[in-house]
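Dear colleague,

Here is the structure I promised to pass on to you. Please open it beside this message, and then read the notes below with the model in view.

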Amino acid sequence: MKKKVISALLCATMVLGSVCSVFASESETEAATEAATEAAEEAGTEAAEETTGGSSAEGQKIALVGKSAGNAFFEVAAASFQETVEAEGGTVEVVYPETATADAQIRVLDNLISQDFDAICIAANDVNALQAKLQEAMDAGIKVSSFDSAPNADSRQVFVNQAGTEQVAQALMDAVYDIAGGEGQWAILSATSQAANQNAWIEAMQSIMESDDKYANLELVEVAYGDDEPQKSTDQTAALVEKYPDLKVICAPTTVGIAAAAKYLQDNGSTCKLTGLGLPSEMIEYTGADDAHSCPYFYLWDMQGLGALSAYTTIALVNGDITGASGETFTAGDLGEYTITDAADGGTEIILGDPLQFNPDNIEEMAELY
Ligand code: RAM
């Protein structure tokens, strides 16, 4: 029930967030509010009904592997994944590697392959380094799905992409442009240098910047890596602002990085501003349009939806409802119907939805969700 109320709220905010950030006029904002209210009412009605969609996971044993322990991002996604699988009659073991590295994930996978799992759903710490191990899992009859961060096309059956890679990159690039006032130095504070998802977003941002003259006056001075560790991310932020005194914006496409950078910049009264991908609950005290706040606005996506869609996808793979081939469709429980499409890396993916913007208008409400 809690999950359904959350999706009703989220649905309203998603419509508001995405529509309001695109349209500025008052009447359009009113229309967006109406649409949001309707969506919330609809979701509320659905919440009152019994959920019937989605294949049963009766007897299924599924492992969920995150990138690293102690990251609230994975805890939120895992809670929703687990709740979804258990509601369908299956069981989930959530496992975190000791560090955010491929080697640590290989040790986790070794252990899982020797047990009796029907499926492994993984957020990869490296694009290519897990291939042999994930192939070994698939050869052993274990279905392999991935979420958040994709191992290469040969290492998985399907990837649940939280938001299109291009869409995330475009939203971040435009935020950097807007916050910098269209010109000046900016830097990226990423997770690890091997992180598949961050590298895909960074590459897409760079090609957007290079292919459009609009961004010609922005200078990307450095890509720094905080390894999704709070202290290292803080140290990297300090080093960036010291090295580049004219730095206007840091873009941190990692929830760990953005939270650490937000605190450092705000506590030190830095003129450098921040955007990126963050959890509203970790960013609430740093989000504001005035000088007292380090982050005017940032993005993420529907976190509960990510966990639930990853769960339904994995269940469907185990049941044989899908094989992971492009063009297949399936019902992801109360999230509705999804179609598997071609991903840019030659594999296939299922895209959850659009990136969501968090700003002073919606941060308080969203911070209650995740
Ligand atoms: C961190 C992780 C995760 C990423 C988010 C945005 O929590 O690196 O993989 O998707 O940030």
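A disulfide is a covalent bond between the sulfur atoms of two cysteines, and here the term is applied to a pair of cysteine sulfur atoms within 2.5 Å. By that rule the structure holds zero disulfides. Cys 251 is buried, with a relative accessible area of 0%, and Cys 272 is buried as well, at 2%; buried means under 20% relative accessible area, exposed means over 50%, and partly exposed is in between, with a 1.4 Å probe and protein chains only.

Before going further, please keep in mind that this is a predicted model, in which local features need pLDDT of at least 70 and side-chain atom pairs count only at pLDDT 80 or more, while totals for chains, interfaces and linings use all residues. Residues are numbered from 1 along each chain as its sequence is written, and side-chain values use heavy atoms, with hydrogens and water left out.

**The chain as a whole**

The protein chain has twelve helices and 15 strands, which are DSSP runs numbered from the N terminus (H or I of at least four residues for helices, E of at least two for strands). Of its 370 residues, 52% are buried. Among contacts (heavy atoms within 4.5 Å) with a separation of 6 or more, 67% are between residues 24 or more positions apart.

Helix H4, residues 102–113, has twelve residues and reaches 16 Å from its first C-alpha to its last, close to the 16 Å expected, where the expected span is 1.5 Å times one less than the number of residues. Its buried residues are Ala 102, Ala 104, Gln 105, Val 108, Leu 109, Leu 112 and Ile 113, and they pack against strands S1 (61–65), S2 (91–95) and S3 (119–122) and helix H5 (131–139).

Helix H7 (196–211) has 16 residues that should span 22 Å, and its end C-alpha atoms are 23 Å apart, which agrees. Among its buried residues are Ala 196, Trp 201, Ile 202 and Met 205, and what covers the buried residues of H7 includes strand S6 (184–190) and strand S7 (218–225).

**Spaces within the model**

Rolling a probe the size of a water molecule over the atoms shows where empty space is left. On a 1 Å grid over the protein atoms alone, a cavity is a set of points where a 1.4 Å probe fits but cannot get out, whereas a pocket is an open set with protein on both sides within 12 Å along at least five of seven lines, and lining residues have an atom within 4 Å of a point. Grid points are joined across faces, edges and corners, and a volume is the space filled by probe spheres set on the points.

The second largest pocket has a volume of about 510 Å³ and is lined by 22 residues, of which Thr 165, Ala 196, Ala 200, Ala 344 and Asp 345 lie nearest its centre. The largest share of this lining, seven residues, comes from H7.

There is one cavity of 30 Å³ or more, and the largest cavity holds about 100 Å³ of space. Its lining has 15 residues, with Phe 73, Asn 197, Gln 198, Thr 254 and Thr 255 nearest the centre, and H7 again gives the largest share, three residues.

With best wishes
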